[in-house]
Amino acid sequence: MSRKDSKNMVDKAHSDACPCGSEKQFADCCGLYLSGSAVAPTAEALMRSRYTAYTLNDETYLRATWDERTCPQECITHDDPTKWLGLEVKQHTQDGDAATVEFVARYKISGRAHKLHEVSRFVRYDGKWFYVNGIIH
């Protein structure tokens, strides 16, 4: 998905609640980051925007926010019928340019409920946060 497509989604979703669960409007929350209008100020904000990117199948944003040393070569998003149901951030800790975010993401595939409980690691380079990897619980 191109940045232009992301911007169009932001415009279209202006009045919609953000999928990240912040209770803000998409355009005033993760939409700012997905469109390239702003950079996520914290690892938690980046994690929330990445969750939102997964709900929108925004491969471009996911790759742009993944540390190039750990970003997979294969496709990140898929055309499977995943329905994302919600995100709960359990904990966010930061130590300088390193941070962790523990979260639970709930989703359904073919009507079957699943949850992803992960502690994700992030690093900040030149003022910009990147996802490194995560430990699934």
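**Close-up views of a predicted model**

A search of the whole structure finds six aromatic pairs, where rings of Phe, Tyr and Trp (its six-membered ring) pair if their centres lie within 6.5 Å, with planes under 30 degrees apart counted as stacked, over 60 as edge-to-face and the rest as tilted. The model is predicted, so local features need pLDDT of at least 70 and side-chain atom pairs pLDDT 80 or more, while totals for chains, interfaces and linings use all residues. Residues are numbered from 1 along each chain as its sequence is written, and side-chain values use heavy atoms, with hydrogens and water left out.

**View A. The ring pair Tyr51 and Trp84****.** The ring centres of Tyr51 and Trp84 are 5.6 Å apart and the planes lie at 80°, so the pair is edge-to-face. Tyr51 belongs to helix α3 and Trp84 to strand β1, 33 residues apart (helices, H or I of at least four residues, and strands, E of at least two, are DSSP runs numbered from the N terminus). Tyr51 is buried, with a relative accessible area of 6%, whereas Trp84 is partly exposed at 25% (buried is under 20%, exposed over 50%, partly exposed in between; 1.4 Å probe, protein chains only).

**View B. The ring pair Tyr54 and Trp84****.** Here the centres are 6.2 Å apart and the planes at 45°, so the pair of Tyr54 and Trp84 is tilted. This pair also links helix α3 to strand β1, across 30 residues. Tyr54 is partly exposed, at 25% relative accessibility. Tyr51, Tyr54, Trp84 and Tyr107 form one aromatic cluster.

**View C. The largest nonpolar core****.** This core has 27 residues, and Leu87 and Phe122 have the most contacts inside it (a nonpolar core is a set of buried Ala, Val, Leu, Ile, Met, Phe, Trp, Tyr and Cys residues joined through side-chain atoms within 4.5 Å). Elements giving two or more residues to the core are α2 (30–34), α3, α4 (59–64), β2 and β4; the largest share, six residues, comes from α3. Not counting residues up to four places away in sequence, Leu87 touches Cys20, Met47, Arg48, Tyr51, Phe103, Val104 and Ala105 (contact means heavy atoms within 4.5 Å).

**View D. The lining of the largest pocket****.** Of the 22 lining residues, Tyr54, Ile76, Trp84, Leu116 and Glu118 lie nearest the pocket centre (a pocket is an open set of points on a 1 Å grid over the protein atoms alone, where a 1.4 Å probe fits, with protein on both sides within 12 Å along at least five of seven lines; lining residues have an atom within 4 Å of a point). The largest share of the lining, five residues, comes from α3.
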